[in-house]
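Subject: Structure for you to look at

Dear colleague,

I am passing on the structure below, and after it you will find notes on what turned up when I went through it. Please read them with the model open beside you.

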Amino acid sequence: MIEIENDVPVLRQISVHAVMEYLLHSGPASRAEMAKATTLSKQTISEVILTLEERGWVRPCGLASGKVGRAAMNYEISDDLFYVLGMDVGATTIRLSLVNLRGKEVAHYEDANDNTGGDNLVKKLCQLKDALLASLNIEPRKLHSVSMAIPGVVNQQTGTLSFAPNMNNMEEFKLLNAMRHVFNCEVLIENDVNAAAIGEYWRGHGQDAHSLAFISLGTGVGLGLLLEGILLRGAMGAAGEISYLPLGADAYASENRHHGTLESAIGASGISRRYHFAGGLCDTPVRDILNRYVDKEPAALIAIEETARIAALLVLSVSSLFDPEKIIIGGNIGTRPELVERISYYLHSCAPHPIVLECSTLGAQATLTGAVAISLNKLHNLLFGLKDFSKQVQLPKNI
């Protein structure tokens with residue numbers, strides 16, 4: 001891995017920040033276009049471009065065409081200078097996305113997870129990373145960082161994982177240390193639902209929102225919350241562990257303490273169990289129950305309507321506690337439009353005011369998109385941010 005240090009003088013950092021943010025969002029541009037967009041003088045732009053070229057951060061990419069007068073040279077981000085790798089690691093599936101410095105995906109890969117966990121998982125992920133880089137002839141030293149999104153509570157200080165009942169051999173496993181030992185690059189780990197919230201904030205329905213809540217309904221139930229663009233993790237990293245909310249079932253029942261009361265009611269196994277109690281076949285997958293709901297099968301109608309009623313109470317609770325501008329529902333169950341429609345119906349009946357509720361636009365890719373954003377944002381600010389100021393580079397949303 002290449003060590004990166006932004007050693008540009010502080011005053012010049014302000015100009016570099018403005019130019020690089022413009023190029024990241026707008027693509028190739030001439031010096032005159034950059035001067036107009038950033039309000040920097042032409043002399044300053046020339047000095048900044050010289051600095052950026054010396055560091056290899058930008059490169060000339062041909063003359064501007066179609067304009068009257070002398071043709072000007074265009075400049076673009078050297079997007080093959082560094083790469084980041086996002087990983088969405090679930091109990092059954094692993095998704096990888098490799099993106100360049102500008103944020104464009106150059107490779108996407110999915111593989112099954114045997115869920116043996118622990119060191120076996122870390123070894124498999126490293127092998128997948130190595131194979132992906134080799135297939136594209138990318139030097140390993142150009143991979144700046146890897147961001148993993150995984151179910152459970154991630155302790156950002158120790159890198160251990162807890163509250164991950166669906167992931168085998170991961171409870172209190174020192175995941176961050178194990179990853180750093182074999183990956184030879186920076187490693188970042190985040191809760192999968194938090195990552196999905198970041199993904200929606202970057203390239204989904206949350207792009208124009210100052211605050212949003214992302215509710216994931218799937219095998220488990222989770223919440224990611226962004227307030228004014230800042231991810232809320234809580235004192236122990238457990239903010240958003242809504243599976244333990246006392247909704248939908250008896251919170252004092254011993255069987256609900258492991259997976260959580262709410263998850264036992266509207267997680268995949270809870271929906272399947274409700275369907276069976278209503279007269280349907282035992283262990284029917286939720287996707288089949290939803291399909292039968294569309295066909296108006298009685299047992300499916302009972303199961304999904306009750307699920308929607310409980311989920312509406314969850315949405316109302318999140319809205320009452322945090323008042324986000326938008327609430328987005330995702331997960332492999334939450335993205336089903338027929339369920340979201342019924343949640344909205346019941347929400348209208350119990351909410352004291354209108355609540356903006358939308359279905360995820362990113363679907364199964366929300367978590368992976370957020371994992372990429374975490375690493376890319378850190379890389380951009382390490383290179384182009386202002387070390388002594390709070391202002392950060394905003395990620396480009398359309399590539």
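Glutamate 338 counts as buried, at 15% relative accessibility, where buried means under 20% relative accessible area, exposed over 50% and partly exposed in between, using a 1.4 Å probe and protein chains only. Its side chain meets that of arginine 336 in a salt bridge, with 2.6 Å from N to O; the term stands for a side-chain nitrogen of Lys or Arg within 4 Å of a carboxyl oxygen of Asp or Glu.

Before going further, please keep in mind that this is a predicted model, in which local features need pLDDT of at least 70 and side-chain atom pairs count only at pLDDT 80 or more, while totals for chains, interfaces and linings use all residues. Residues are numbered from 1 along each chain as its sequence is written, and side-chain values use heavy atoms, with hydrogens and water left out.

The structure holds 15 salt bridges in total. One of them joins the side chains of aspartate 79 and arginine 59, at 3.2 Å from N to O. Because aspartate 79 lies in the loop between β3 (73-77) and β4 (83-89), and arginine 59 in strand β2 (residues 58-63), this pair ties together parts that are 20 residues apart in sequence; helices (H or I, at least four residues) and strands (E, at least two) are DSSP runs, numbered from the N terminus. Aspartate 79 is partly exposed, with a relative accessible area of 22%, and arginine 59 is partly exposed as well, at 26%. A network of salt bridges links Arg59, Glu76, Asp79 and Asp80.

Another salt bridge is formed by lysine 124 and aspartate 111, whose closest N and O atoms are 3.1 Å apart. This pair links distant parts of the chain, since lysine 124 sits in helix α4 (residues 118-135) and aspartate 111 in strand β6 (residues 105-112), 13 residues apart. Lysine 124 is partly exposed, with a relative accessible area of 23%, and aspartate 111 is partly exposed at 24%.

Helix α4 also meets helix α5 (residues 175-183): their axes, which are lines fitted to C-alpha atoms over the stretch in contact, come within 10 Å and cross at roughly 35°, on a scale from 0 to 180 degrees between N-to-C directions. The contact, meaning heavy atoms within 4.5 Å, is made by Asp119, Val122, Leu125, Cys126 and Lys129 of α4 together with Leu175, Ala178, Met179, Val182 and Phe183 of α5.
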